[in-house]
Amino acid sequence: MAMLEVEDLNVRFYTEDGVVKATNDLSYRIEAGERFGVVGESGAGKSVTSLALMRLLDDPGVIESGEIRFKGENILEMSDEEVRDLRGNEIAMIFQDAQTALNPAYTVGEQISEAIRYHLGLGEAAAKERAIETLESVGIPSAAERYTDYPHQFSGGMQQRAVIAIALSCDPDLIIADEPTTALDVTIEAQILDLLEEVATEFDTAIQLITHDLGVVAEFCDRVMVMYAGHPVEMAPVEDIYYDPQHPYTVGLMSSIPRIGDERDRLQTIPGRMPDLIEVPPGCNFHPRCPYAEEACTRTEPELVETETGEPADPIESDAQVAACLAHTGELRGELDYEVTVRDAGGPGDDPAAASEGERP
Amino acid sequence: MRGSRADGVDRDDDDPFRPNTTDDREKPRAMRSLPAASLSRWLLPQRVHRRAVSVTVETAADAYDRDEPVPVAITVRNPLPVPVTVRTRAPVPWTWHVDGHRDASHVPEPLPETDGQLVLDRGERRRFHRTWSGQFKTDDRTWAPAERGEHTIGAGLTVADPEAAGVYDETTVRIR
């Protein structure tokens with residue numbers, strides 16, 4: 001049994017304009033200590049998925065169907081009190097925007113020790129001591145003095161560290177990090193990622209990392225799920241995603257990574273934009289932007305299949321590389337004829353994220 | 001009138017930057033912040049709200065090629081000088097269909113049976129857009145192009161009998 005199993009998750013937002021299908025039959029699992037990356041453009045359903053895991057979806061968002069099992073127990077069937085015991089304790093979340101995540105009216109220290117007092121049942125003094133230790137562990141200098149600072153007295157990087165400190169304070173088994181480094185500069189980003197890696201290794205904490213940054217994914221994750229328009233389009237171990245992508249969208253994402261020493265005049269982009277989730281295109285949702293699309297792609301929605309065999313995939317039971325493209329079920333007349341060029345390590349642009357490049361015909 | 005104050009600032013009635021004098025002091029200011037939507041909801045019966053609202057469905061052209069997307073505009077309008085609130089039987093206030101198939105699908109996703117409402121301000125006109133791909137969803141994963149000929153595109157509020165309640169409209173397009 002995996003630590004987290006998400007099965008056929010369907011999240012809907014009932015708005016005045018129509019029904020927003022935020023996630024569609026989403027299934028995946030995360031093992032203890034595993035680092036699982038979720039990538040995709042804005043609006044792909046990444047953040048909604050993580051909010052659904054914590055049952056933090058706000059009105060008009062509704063989890064219409066599916067199961068979210070944490071250590072075998074369905075979170076969706078738990079009472080509010082049970083979920084509150086889980087949040088911040090066994091499952092912690094690092095939010096995208098630290099400034100918004102922190103309460104401006106309370107000191108940073110109080111916000112950390114509140115979680116410790118509530119979940120671990122420690123007294124005032126012990127909670128304060130532990131909070132200071134946690135602040136130190138995330139690299140806040142003079143943590144004891146900064147304990148009584150308010151969030152506005154922290155810089156952006158320090159605020160993000162404080163949010164990470166809150167998440168780490170109760171030794172969670174799973175951390176959901178929703179773009180934890182998006183608002184930070186690259187040096188702080190590297191430090192934060194090192195810190196997360198350290199925590200994951202030391203405490204065997206599983207991490208679900210949501211990000212736009214494919215470089216971060218290459219560096220940090222064990223397995224990756226690529227999402228498009230609320231659907232998982234590819235899921236595989238990180239090496240397979242980078243060296244052998246099996247979905248045209250993943251190829252597009254890979255070839256749009258800028259690289260130092262790149263000889264291309266212009267950065268390759270995926271033409272068009274993510275569809276409106278109220279009105280997704282028929283067939284394969286990606287077909288209007290796909291360079292390999294054929295008529296069949298406008299008529300049939302591809303299933304998530306194992307790319308080796310073409311058999312329907314079970315992302316909860318299997319680790320195999322899976323993708324949702326008709327090319328893998330033999331329903332496409334042409335082939336996905338892109339090339340993956342792996343640059344020599346040590347040369348310019350030897351970042352693993354840049355190792356894969358889709359050459360389009 | 002020209003006035004001069006002790007601070008030496010000249011004030012002239014013709015000066016365009018002179019502070020305004022208001023003559024609406026006598027008007028009851030509280031009236032401005034009356035909860036008009038709530039008041040009309042309490043004072044007017046629901047059938048008046050429903051009857052006030054009209055729905056119009058339009059397409060840019062009468063005929064389209066097979067597989068050509070058909071843009072559809074759905075306009076909901078309240079001509080009354082007071083806000084109206086229509087109670088609906090679903091959390092989405094309106095739905096659309098092609099030849100009676102909601103969302104142009106033979107297998108539409110069921111809507112939850114929770115109530116909703118559509119609030120329109122006085123004289124408000126709200127326009128929604130849909131694009132019919134020219135296909136019908138025939139099962140969970142398959143779409144088929146519409147047959148050549150006339151097809152009816154309709155939209156209505158999610159009330160009990162939208163057609164009888166006058167909150168429904170439809171139009172026809174020809175697929176060549």
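Predicted model: local features only at pLDDT ≥ 70, side-chain atom pairs only at ≥ 80, totals over all residues.
Strand β1 (residues 4-15) and strand β2 (residues 18-30) of chain A run antiparallel and are joined by 9 bridges. The link between β1(A) and β2(A) is a hairpin of 2 residues. Within this pairing, Val6(A) sits opposite Tyr28(A) of β2(A). Of the 13 residues in β2(A), 11 are buried, so the strand is largely enclosed by the rest of the structure.

The largest nonpolar core counts 108 residues, and the members that touch the most others are Leu4(A), Tyr28(A), Leu174(A) and Tyr249(A). Leu4(A) shows how such a residue is surrounded. Setting aside neighbours within four places in sequence, Leu4(A) contacts Tyr28(A), Arg29(A) and Ile30(A), along with Leu53(A), Ile68(A), Arg69(A), Phe70(A), Leu174(A) and Gln208(A). There is also another core, lying apart from this one, with 29 residues that include Val72(B), Val86(B), Ile153(B) and Val167(B).

One of the contacts of Leu4(A) is Leu53(A), which brings in helix α1 (residues 46-53) of chain A. That helix is mostly covered, with 6 of its 8 residues buried. The buried set in α1(A) consists of Lys46(A), Val48(A), Thr49(A), Ser50(A), Ala52(A) and Leu53(A). After α1(A) comes Arg55(A), which has a positive phi, near 55°.

Chain A also holds an open sheet of 8 strands, with mixed pairing and the order β6-β7-β8-β3-β9-β10-β12-β11. Its edges are β6 (91-94) and β11 (305-306) of chain A, each of which pairs on one side only.

Helix α11(A) leads on to the aromatic side chains. Over all chains, the count of aromatic pairs is 7. In the case of Tyr249(A) and Phe286(A), the ring centres are 5.2 Å apart and the planes stand at 65°, so this pair is edge-to-face. The two partners come from distant parts of the chain, 37 residues apart: Tyr249(A) belongs to helix α11 (residues 248-255) of chain A, whereas Phe286(A) is in the loop between α11 and α12 (295-299) of chain A. Both Tyr249(A) and Phe286(A) are buried. Together with Tyr228(A), they form one aromatic cluster. Elsewhere, a charge meets a ring: the charged end of Arg35(A) sits over the ring of Phe220(A), at 5.4 Å from its centre.

A loop residue of chain A also deserves a look. Pro151(A) is in the loop between α6 (143-146) and α7 (156-168) of chain A. With 6% relative accessibility, Pro151(A) counts as buried. Beyond its neighbours within four places in sequence, Pro151(A) contacts Leu102(A), Asn103(A), Pro104(A), Tyr106(A), Val108(A), Gln111(A) and Gln159(A). Between Pro151(A) and Ala162(A), which are 11 residues apart along the chain, the C-alpha separation is 8.7 Å.

Turning to chain B, the secondary structure comprises 2 helices and 14 strands. The chain has 176 residues, of which 35% are buried. Of the contacts in chain B between residues at least 6 apart in sequence, 68% join residues at least 24 apart.

Three-stranded pairing is found here too: an open antiparallel sheet of 3 strands in chain B has the order β3-β5-β10. The edge positions go to β3 (54-59) and β10 (125-132) of chain B, each pairing on one side only. On average, neighbouring strands of this sheet are turned by 20° against each other, direction ignored. Strand β5 (residues 70-77) of chain B runs antiparallel to β10(B), and 8 bridges join the two. Val70(B), for example, has Trp132(B) of β10(B) as its bridge partner.

Conventions:
Residues numbered from 1 in each chain as written. Chains lettered and ligands numbered in written order. Heavy atoms only, no water. Phe/Tyr/Trp six-rings, centres within 6.5 Å; stacked < 30°, edge-to-face > 60°. Helix = DSSP H or I, 4+ residues; strand = E, 2+ residues; numbered from the N terminus. Buried < 20%, exposed > 50% of the residue type's maximum accessible area, 1.4 Å probe, protein only. Lys NZ or Arg CZ within 6 Å of the ring centre and 35° of its normal. Pairing = 2+ DSSP bridges. Core = buried A, V, L, I, M, F, W, Y, C linked by side-chain atoms within 4.5 Å. Contact = heavy atoms within 4.5 Å. Axes fitted to C-alpha atoms, helices over the stretch in contact; angles between N-to-C directions.
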